[in-house]
Amino acid sequence: MTTAARPGFDPAIPAAKNMQGSPTPLSVLGPRADAERQRIRQQFEAGTGARETLRALCELADHNIQQIFDDLLRVHNREPQGLCLLALGGYGRRMLFPYSDLDILFLFGSERAEQESRPLISEFSRTLWDLGFRVSSAGRTLEECKRIEEDNAEFHLALLDRRFLAGDSGLFEKLDTKVLPASEKQARPFLLAQLHRLTRERLTRYGNTIFHLEANVKESPGGMRDYQATVWLRQILDEKKEIRKVTLAEEELSAAAVDFLSAIRCFLHYSNGRNDNTLTYELQAAAAERALGVGDGISRNAAEWMRLYFRHARTLNRQLLRYLEQKSPVPLTLRQRLLNAARASRVEPDHGNYFMVRDGLLEVVDQPAFSDRAVTYSLFAEAARTGTPLSREAERSIGYILTHPELPPRNTEMPWSILHEILGSDYPGVALRPMQRLGLLTQILPEFGMIDSLVVRDFYHRYTVDEHSLRTIEHLQELADPPDTRGTHFVPLWKTVERRDLLILSLLLHDVGKGMPAENHITGSLAALDSAARRLKLSPEEKAEVQFLIEHHLDMSATVQRRDIFDPATVSAFAQSVVTQERMQRLCLLTYADIHSVNPEALTPWKAEMLWQLFVATSNHFSRTLDRDRLHALDEVSLLERVKALASVAGTEEIERFLEGFPRRYLAVHSAAEIAAHFALYQKLSADPVQTELIATRHAFSLTLLAADRPALFATIAGVLAGWGMNIIKADAFANAAGVVLDTFHFADLHRTLELNPSEIERFRKSLADVVMGKAPLEPLLKSRESASRARTPKVAVETRINFDDTSSAHSTLMEIITQDHPGLLYEIGSALARLGCNIEVALIDTEGQKAIDVFYLTAQGKKLTAQKQELLREVLQGTLV
Amino acid sequence: MMKIEAVIQPSRFESVKDALREIGIEGMTVTEVRGHGRQKGHTEVYRGREYTVDLLPKIKLEMVLPDALVNRAVDTILKAAKTGKIGDGKIFLSKVEEAIRIRNEERGENAL
């Protein structure tokens, strides 16, 4: 027997007594409903809007429900008293999509009414099913509706959209005007907390981004659920008047977004023949072809149409997040409050009272002041520095200023100095994310606009290209406190990486070429860098570094996946291509972030481990092969020419003499301009045998010293710095073939002596030259510092470890020392080496928090250290450093 | 039907996959695994910390093939995965009693 031929109720169920007549048979209702459904679909496909379609589908359901219900009352010879039907959820809101469930509530006046209604309800539900409606029903007595079901927040939320369908209207009135308003008022905190929880869980499930390549238009962030959650939040919060009214323009945007997404959802249901809301690649193309939701009938390519989708999704998502932020339903913990207080920190006096921190978020205080972009940029710099996000309200205020020209903008151009500060901070993503939402990022870096909401169909990436790029940056800043073990190894790399700004700029630009017609996206990205570097006025060295990272951004992952990373030849070849340790560190972080941001599963612990192993092996390769690879000046023709031009000298012979025999690393870590400056110092050596250059950098000072090699030179310089209270962070010591030593020390001025007393700079240089020349003794300088520096107890205890390695270098013995950092440490080590007759060929000094990590290439009388000498050295140093 | 499990060097994976594709084998399960065989692991020291690498990264391929294809597949894997060094991996063969395609309940070699 076919469904259509069956009567509207199941004869197997015993009918109630006193039945009167028969219900309208399914053979009549079924074809009628099908025909109506068909008509609605045809009209939708002919261009009728989603709103009308949803309304028509809703009316169809309403009509059938009312007819079947009335029929059954008649057949069962019942009055409707004590029973009524309510539409809930989307159906209650009259937003019924073609294959959506009908959420229906059977409301009973009493338990007895419930008992009596059971046969009728089961027939009713079955008939609706047979007519092709998917019924999702619940039953409650009026009394039950007064209670809060703590494990069923979804039901209470659906009740907010209740609508009378059929039956006892008096019963509905009672529920609608008496029972629910009272219980809803009481349940408000519960509903709010649950709605927050459910929404956060849903957003997290979808990676907290709207930018999915195949979005779910119902559940994904920016989908219809976002809109619905916003409406519920407004309903629940309505009486509290805490929310600034939504502007008319925002209402219009939101309505347009709902229409657009509704059209897609109808289209998806019709195309899939079921309640499937995934906007797949195939359906994106089909929707773009018919200009779905746009209404102009002009076919577009899928990428262009998806940009429209993301624009609408962004509207709905932004609105939801703003409401979610209005009131935190859970009181802040003490830890969070303390954290917020710490984050509040200082507001620079020159920022006046333009912004402040409240509840852990940056808020705009003086909105008109933000027409001066310098103020806006300082707010973003603060966000990047402290990791304090902007509140949605702050973002909205800035958005208003940016789009309303009543207040003419000032200082619109963001100089590289500010952008560099934001990109180089600990939390660049915290600033870049709202800058992108507000369109500021593309104003500063128009190249980034080429990948705005760009879908690239490769079945591997899950997010749009711009989202992927921003995620790379967020994954790196997460390393401050990594959420899982995959990042553990990379934490120290992120904390100590140099020129973080260039790394972040590379990440912003690395995939920009995907939005360009270039065949290879890297070529496109490099072209984008050209224009960005010109506009931002990057120095040639800065540009070259970003260029390298973009050009090679796939190399490290290719090496990890396609080469045997345990083969020394692979490591050596990779080391040669990256040239320096510093650059490799940036490339490693870039690779980590790039893989991590493809999709949540792309960076498996296995891949993270392989990447780390390649980093470690290459890093060790760098520090163990340093003096093997010496510079031969004659091979460096182009460098010689560049230095010659910069140093304004006639010939290159003198430059050749200067460069001959330096370790190749010298070239890798210094630019041509720096080498020219070193050469200028070298030329003055004959007049003054100790040449120094002191430069103040952002966080430290950099001292370059040139002198003919002499015993204990390195230790002496380290001693003078310690005597002046300077803490050495990093140092390089190189010697050329003629025995000229070039030492570079980066040190922190712990007591701000040089910063606060500029006149001391000259005295410091003189003191240094005098001690190095032997004109002044070192001991008095050191004595004055000794007691103060030794008195401090270190916060973290680092065990001293000394390793010797005779195999890595052909000429020297490598000594690696890991020990507790303290002022004067390098002097202690250097003095011990000098006392034992060890010559430092190369030194690499580094610090990581409280830990000093020093590598020395040592010789004694021109040869490697003997085993006895190594033992002696170990003993002496262990005794000195404990 | 036989099941082939091959544990190979990650760096040989692409070549093995391409070689198998050439003889018409495209369906396989690939797992990232760590192996611990006779190939000795080693310890790397980075900034004073030791990192033990005694479980070396490997790729495991699994495929179930009709008997007629097994020998060719094994030869292909051998050729493509071999570097001649310790740590090239291993191939395991086992008999498969039955294969069933869940979608339409097809059985035997038809289900492969």
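Modeller: The domain bounds come from an automatic or database domain assignment. Keep in mind that this is a predicted model, where local features need pLDDT of at least 70 and side-chain atom pairs pLDDT 80 or more, while totals for chains, interfaces and linings use all residues. Residues count from 1 along each chain as its sequence is written, and chains are lettered from A, ligands numbered from 1, in the order in which they are written.

Domain 1 of chain A brings 13 residues to this contact and domain 2 of chain A brings 11 (contact: C-beta atoms, placed from the backbone, within 7 Å). On the domain 1 side, α1 (26-45) and α2 (50-75) of chain A are the elements giving two or more residues, and α2(A) gives the most, four. Helices are DSSP runs of H or I with at least four residues, strands are E runs of at least two, both numbered from the N terminus. By class, that side has eight nonpolar, three polar and two charged residues. Nonpolar here is Ala, Val, Leu, Ile, Met, Phe, Trp, Tyr, Cys and Pro; charged is Asp, Glu, Lys and Arg; polar is the others, Gly among them.

Domain 3 of chain A covers 685-881. As for sheets, chain A has an open, antiparallel one of eight strands, ordered β7-β8-β10-β9-β13-β14-β12-β11 (strands pair if DSSP finds at least two bridges between them). Its edges are β7 (690-696) and β11 (801-805) of chain A, and neighbouring strands are turned by 15° on average, direction ignored. Inside, three bridges link β9 (726-735) and β13 (839-848) of chain A; D732(A) has L844(A) as its bridge partner. Helix α30 (713-723) of chain A packs on this sheet, touching β8, β9, β10 and β13 of chain A, at about 20° to β10(A). Helix α32 (759-773) of chain A lies across β7 and β8 of chain A, at about 145° to β7(A). These angles run from 0 to 180 degrees between N-to-C directions of lines fitted to C-alpha atoms, for helices over the stretch in contact.

Lastly, the partner: 17 residues of chain A contact 12 of chain B. On the chain A side, α22 (555-562) and α25 (605-624) of chain A each give two or more residues, with the largest share, eight, from α25(A). That side has six nonpolar, five polar and six charged residues.

Conventions
Contact = placed C-beta atoms within 7 Å.
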